[in-house]
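Look at the sequence and the fold together as you read.

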Amino acid sequence: MSEDVRRMFFVEAAELVRQFEQGVLRLEHEPTDRETLDRMFRSAHTLKGLSGMLRYDRIARFTHNLEDFLTRLRKGELAVTPVVSDKLLAAADVLGTLVAEAREAPATSRVDLDEAIGMLGDGHGASVGPRPVDTATDGGTLRVATEKVDRLVDLVGELAVSQSMVAELVARIGPAGQGPLQAAVTQMDRHVRELQERVMNVRMVPIQHVFARLPRLVRDVAQAAGRRVELETSGETTELDKSVNERIVDALTHLVRNAVDHGIEAPEERQRAGKDPVGRVKVGAYHQGGNVHIEVSDDGRGLDADRIRAKAEASGLLPATVVVGERELFAFIFRPGFSTAERVSEISGRGVGMDIVARSIAALGGAISIRTERGRGTTFHVTLPLTLAILEGQCLRVGDGVYIVPLASIVECVRPRASDLNVLLNGLETLTLRREVLPLIRLHRLLGVEPSSLEATDGLMVIVERDGQKVAILVDELLAQQQVVIRSLETNYRKMDGLAGATILGDGSVALIVDVPGLLASSRAKPDRLATAPSTTTGGNL
Amino acid sequence: MSARILIVEDSPTMRKLIRSALEEGGYRVAESEDALQALAVVQEVAPDLVITDVNMPDVDGISMVSQMRTFPAFRSVPILMLTTESSEEAKERGRAAGATGWITKPFDPAQLREVVGEVLSVRAPR
């Protein structure tokens with residue numbers, strides 16, 4: 001075979017391996033993307049055909065098995081789980097090595113072909129059966145099915161509720177009858193709390209699992225975008241709930257991708273600005289105040305306030321006459337359809353933007369904020385609850401019902417004065433608070449219930465905030481604050497607008513949890529509906 | 001005048017391999033790197049034989065064959081498909097679409113020339 005063909009093969013093979021690897025990264029982002037899978041399959045297929053022709057038998061054998069593996073993915077027999085995408089990345093590595101070895105023909109290979117093929121072979125186990133929780137710590141480890149742990153968590157939640165029922169009954173007996181009974185209840189309360197904490201802790205896994213994929217990602221994105229980037233991670237041992245961990249992967253991947261692709265400048269540009277041509281991306285995690293904090297920062301060009309302003313005006317999100325602070329302005333990048341990337345780059349992908357990141361973080365009960373300095377870099381700060389199952393809540397009353405607003409989202413509560421209330425031309429009601437005009441949401445209208453009074457001045461305004469956006473929620477009365485165990489509404493009732501879930505209170509009654517991100521989203525999407533139209537759903541079945 | 005053959009194949013290395021093998025047999029060769037391009041140039045090139053890959057982006061080889069068969073001038077031009085031994089099903093679909101036969105990858109140059117010679121010798125006179 002001619003030297004020409006050999007040379008062509010190595011160029012093409014390198015490109016095919018690169019395409020395959022990029023496919024894996026894209027697949028991690030959109031696990032069901034058919035087109036990506038097809039492209040990956042074609043890469044493997046072409047490589048198989050070529051290596052067969054050129055008698056590179058090791059490549060041919062491996063790609064043959066890889067093709068089978070991909071066929072199972074294409075047929076849906078296997079889902080793209082983190083385990084599977086790890087295997088695909090490992091396969092990309094094997095391919096890269098095999099191709100390099102075909103060219104250099106070393107005396108010994110670094111690839112154990114049977115082992116590499118075996119890795120693909122046992123892929124069946126990756127999607128079948130309950131996925132075990134990795135309870136690995138320094139000492140002995142035990143692999144337990146997630147469902148078993150979840151059942152425990154549920155039961156302990158029930159126990160906590162029963163416990164508070166007992167406590168309330170004892171409190172009702174009055175001081176005369178209490179005595180030793182009260183002491184016993186107090187002790188039991190302490191034990192139940194500790195038990196709850198311990199059980200929740202079983203579900204905690206180090207964020208390491210998520211961080212482990214980042215070096216590869218950074219390398220690949222940097223390469224494709226023509227950047228030179230060094231990644232620094234810290235706080236790998238920080239633990240968070242397994243389900244939070246799993247659901248934060250995509251958002252974190254996007255933030256890091258974004259930092260490399262859009263944050264860090266090209267090496268020449270950095271040099272011109274007197275910076276190290278090698279950019280730095282830092283990803284760190286830590287615990288603070290009952291939350292997990294994750295920061296993704298780069299030492300790149302920083303956000304351009306003028307450009308964001310221009311883009312927000314151009315896309316009709318912000319009237320030219322409105323003055324907003326930088327913080328509010330930067331919050332625009334989390335709006336759907338907003339992107340300052342001037343080109344749709346291969347790396348950042350289409351249609352997956354910061355709005356999806358913000359939404360998925362909000363769905364986890366977390367928040368995201370930005371710190372940025374022109375020419376110095378940008379930091380995205382993500383705050384997440386330790387667990388999805390427990391919430392610090394503020395109970396409030398609307399009519400006869402008790403509702404819960406996550407304490408973390410409440411800024412303050414005020415009793416409104418008539419002079420601060422206003423109705424805009426489009427029917428939107430507003431509350432003016434220290435010269436800031438906030439949309440007003442009447443919770444009773446949204447929920448379709450009868451309030452104690454229709455006069456806003458008789459009620460209380462709960463001011464909630466997320467991503468720099470505030471709304472005032474009108475309620476009848478504030479009640480106690482308490483820790484509640486969240487149950488999904490969809491499993492028990494049908495999905496309702498404005499509600500995120502339900503919980504059982506100490507007295508055994510059901511309280512609904514208000515969906516703050518949902519309220520904020522609808523207050524900016526359709527202002528009229530909230531203020532004028534009665535709610536389409538009712539809470540009648542509760 | 002030696003026969004003219006159109007190769008439709010997205011891999012440049014594979015195109016080169018096929019071209020070399022055919023040119024060594026004295027054939028004249030034209031190339032297309034995808035099915036759409038092939039459909040656009042095929043009337044102009046007026047090949048005596050088409051050799052096409054199956055697995056290609058956008059439009060695959062099989063769809064291309066059935067498209068070509070709708071062109072009046074191409075009802076009887078032989079079309080050979082390049083497949084791998086594992087895709088029995090692709091061969092069947094290829095036949096149904098109107099392919100004349102197939103060449104299994106990997107092939108060696110002599111084998112390719114042999115199949116091509118055979119197909120060209122039995123082709124219907126135009």
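Start with B:A46, which is found in the loop between α2 and β3 (49-53) of chain B. Helices here are DSSP runs of H or I with at least four residues, strands are DSSP runs of E with at least two, and both are numbered from the N terminus. This is a predicted model, in which local features need pLDDT of at least 70 and side-chain atom pairs count only at pLDDT 80 or more, while totals for chains, interfaces and linings use all residues. Residues are numbered from 1 along each chain as its sequence is written, and chains are lettered from A and ligands numbered from 1 in the order in which they are written.

B:A46 is not a glycine, yet its phi is positive, about 45 degrees. Most residues other than glycine have a negative phi, and most peptide bonds are trans. B:A46 counts as partly exposed because it has 14 C-beta neighbours inside 10 Å. A residue is buried if 20 or more other C-beta atoms lie within 10 Å of its own, exposed if 12 or fewer, and partly exposed in between, with C-beta atoms placed from the backbone.

Another residue other than glycine with a positive phi is B:D58, where the value is near 65 degrees. B:D58 sits in the loop between β3 and α3 of chain B. It has 9 C-beta neighbours inside 10 Å, so B:D58 counts as exposed. Chain B also has a cis peptide bond, from B:K105 to B:P106, with omega near -5 degrees. B:P106 lies in the loop between β5 (101-105) and α5 (109-121) of chain B.

How do α2 (residues 35-45) and α3 (residues 61-68) of chain B pack, and at what angle? Their axes are 10 Å apart and the angle is about 20 degrees; axes are lines fitted to C-alpha atoms, for helices over the stretch in contact, and angles run from 0 to 180 degrees between N-to-C directions. That makes α2(B) roughly parallel to α3(B), a term for angles under 35 degrees. Residues from α2(B) that make the contact include B:A38 and B:L39, and those from α3(B) include B:M64 and B:Q67. Two residues are in contact if their C-beta atoms, placed from the backbone, lie within 7 Å.

Now turn to chain A. Its secondary structure comes to 19 helices and 20 strands, and 36% of its 542 residues count as buried. In helix α15 (residues 354-363) of chain A, the buried residues are A:M354, A:V357, A:A358, A:I361 and A:A362. Seen down the axis of α15(A), these buried residues fall within an arc of 130 degrees, so they line one face of the helix; the arc is that of the directions from the helix axis to the C-beta atoms. An α-helix has 3.6 residues a turn, so residues three or four places apart point the same way. After α15(A) comes A:G365, with a positive phi near 80 degrees.

The two chains also meet. Their contact takes twelve residues from chain A and eleven residues from chain B. On the side of chain A that touches chain B, α2(A) gives the most, with eight residues.

Methods:
Angles under 35 degrees count as roughly parallel, over 145 as roughly antiparallel, 65 to 115 as roughly perpendicular and the rest as oblique.
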